[in-house]
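Have the sequence and the 3D view side by side as you read.

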Amino acid sequence: MGDSLVGFRPAVEATLEAVSLVRLHGPDRVARAANNLASAMKGWCHEVELLYDGEGDEQRASEAIELYEEMEERFVALGRETLSGVLAR
């Protein structure tokens, strides 16, 4: 797990950079969804790191993953809705 965790934080940081662009340039609804996704992703990363260090709680980590997945679904749905509206014009 240690090797996987080494790559996890940089992957989260890179994703957060992309999410920040959406937060800055996207429509308000999509920007809010991106902000929620970023928060959930940070929480997930934090809980995974705590588990690895032996200080975490499996239930909290599981809840963080579920929240991230929910926020991801919302973000993707809003993004697709927005893009389909733009492409239909």
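Predicted model: local features only at pLDDT ≥ 70, side-chain atom pairs only at ≥ 80, totals over all residues.

## Ground rules and overall layout

A residue is called buried when its relative accessible area is under 20%, exposed when that area is over 50%, and partly exposed in between (1.4 Å probe, protein chains only).

Residues are numbered from 1 along each chain as its sequence is written, and side-chain values use heavy atoms, with hydrogens and water left out.

The protein has 3 helices and 0 strands, running α-α-α from the N terminus on. Both kinds of element are DSSP runs numbered from the N terminus (helices: H or I, at least four residues; strands: E, at least two).

## The salt bridges

How many salt bridges does a search of the whole structure find? It turns up 3, each being a side-chain nitrogen of Lys or Arg within 4 Å of a carboxyl oxygen of Asp or Glu.

Let's take the pair Glu81 and Arg29, whose side chains meet in a salt bridge at 3.2 Å, N to O. Glu81 sits in helix α3 and Arg29 in helix α2 (residues 28–52), so this pair ties together parts that are 52 residues apart in sequence. Glu81 is partly exposed at 45% relative accessibility, and Arg29 is partly exposed too, with 44%.

Next up is Glu47, which forms a salt bridge with Arg60, with the closest N and O atoms 3.0 Å apart. Here Glu47 belongs to helix α2 and Arg60 to helix α3, so the pair ties together parts that are 13 residues apart in sequence.

Glu70 is partly exposed with a relative accessible area of 36%, and Arg74 is partly exposed with 46%.

## Around Gln59

Gln59 is found in helix α3 (residues 58–88) and counts as partly exposed at 47% relative accessibility. Its side chain makes a polar contact with the side chain of Glu63 at 2.8 Å. Such a contact is a pair of N or O atoms within 3.5 Å; within protein, one must be able to donate a hydrogen and the other to accept it, and residues adjacent in sequence count only if both atoms are side-chain atoms.

Glu47 shows up here as well: Gln59 and Glu47 are 12 residues apart in sequence and 9.8 Å apart in space, C-alpha to C-alpha.

## A negative patch

Which residues form the negative surface patch? They are Asp57, Glu58, Glu63, Glu66, Glu69, Glu72 and Glu73. A patch is made of residues with over 30% relative accessible area and no salt bridge, with like charges joined within 9 Å and nonpolar side chains (Val, Leu, Ile, Met, Phe, Trp, Tyr) within 5 Å. Asp and Glu count as negative.

One of the patch members, Glu72, has its place in helix α3 and is partly exposed, with a relative accessible area of 33%.

## Over in helix α1

Finally, look at Ser20, which lies in helix α1 (residues 2–25). Ser20 is partly exposed at 29% relative accessible area. Ser20 and Ala38 are 18 residues apart in sequence, and their C-alpha atoms are 8.3 Å apart in space.

Note on methods: Areas by Shrake-Rupley, 256 points an atom, 1.4 Å probe, with all protein chains shown as cover. Charge placed at Lys NZ, Arg CZ, Asp CG, Glu CD.
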